[in-house]
Amino acid sequence: VESNWITGLARWLHFFFGIMWIGLLYYFNFVQAQALAQANAEGIGQGITKYVLPRALFFFRWAAVITWIMGAILLGAHFGSAFTLQHPYTGIGIGAWLGTIMLINVWTFIWQNQKKVLGITPATDEEKAKARRQAFLASRVNTMLSIPMLFFMASGFSHAAAFGLQ
Amino acid sequence: MVKHVLRHPVLFKGRIIGGVLVLKNPLDTLTGTIVCGLIITIVLYVIVKSIPVGA
């Protein structure tokens, strides 16, 4: 019973923080990138970069960490089997690997470059421009990887009958 | 056919500059990003399905 409680709570929190993480990722890629380009053209982009971006990045990067930890708790004793792609954890294992790569991407390429863009880390204008491009591409890579990640997370067990993945 | 694919407006937006084919990064567009994600999904699905049970 205790184990069920832990699994249930972990699954609930994994979904909650996963939605927060990927929701903000999709906000950055589907909304903010285009909005910021237009706002910058009108000279009002600072409203987004000063007031919205730091808050969004805070919840984004920490939601990523909590999502991963809750996923690891959820895998429990099968953690090793999933990450070594053992049957019947191959499908969820691929999802777990993609999620892990995305988490590393958040804390290395996206956040480290955004710190330069936001002025948290000192950088020249040239370095900021380079960091902005790298952060953008890293964010797009995560959006791209989120598509197979969600497929394998969702189909690993619950849709095994439909897709034959286990 | 190859020429058509290389000039695909979503995936590549290739341009020949100085005799060199310069491809646009597909991640610069949302459509290109989603198409790449779907391609990776299919490739991984095929790989996972090809792994024999018990391997």
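Visitor: At what angle do the axes of helix 2 and helix 4 of chain A cross?

Guide: Two packed helices are described by the angle between their axes and the distance between the axes. In this predicted model, the axes of helix 2 (residues 46-75) and helix 4 (residues 90-118) of chain A cross at roughly 155° and come within 10 Å. Helix 2 of chain A is therefore roughly antiparallel to helix 4 of chain A (angles over 145 degrees count as such). Axes are lines fitted to C-alpha atoms over the stretch in contact, with angles from 0 to 180 degrees between N-to-C directions; helices are DSSP runs (H or I) of at least four residues.

Visitor: Which residues make the contact?

Guide: Contact means heavy atoms within 4.5 Å. Among the residues involved are Leu53(A), Phe60(A) and Trp68(A) of helix 2 and Ala96(A), Leu103(A) and Trp111(A) of helix 4.

Visitor: Is Ser139(A) buried or exposed?

Guide: Ser139(A), in helix 5 (residues 125-155) of chain A, is buried at a relative accessible area of 9% (buried means under 20%, with a 1.4 Å probe and protein chains only). Ser139(A) touches Leu25(A), Phe28(A), Asn29(A) and Ile110(A), leaving aside residues up to four places away in sequence.

Visitor: How much area do chain B and chain A bury between them?

Guide: The size of an interface is often given as the accessible area lost when the parts come together. Here the two chains bury about 1800 Å², 76% of it on carbon and sulfur atoms (1.4 Å probe, summed over both parts). In chain B, Leu27(B), Leu30(B) and Val48(B) lose the most area to chain A, together 30% of what that side buries.

Methods
Residues are numbered from 1 along each chain as its sequence is written. Chains are lettered from A and ligands numbered from 1 in the order in which they are written. This is a predicted model: local features need pLDDT of at least 70, side-chain atom pairs count only at pLDDT 80 or more; totals for chains, interfaces and linings use all residues. Side-chain values use heavy atoms; hydrogens and water are left out. Helices (H or I, at least four residues) and strands (E, at least two) are DSSP runs, numbered from the N terminus. Angles under 35 degrees count as roughly parallel, over 145 as roughly antiparallel, 65 to 115 as roughly perpendicular and the rest as oblique. Buried means under 20% relative accessible area, exposed over 50%, partly exposed in between (1.4 Å probe, protein chains only).
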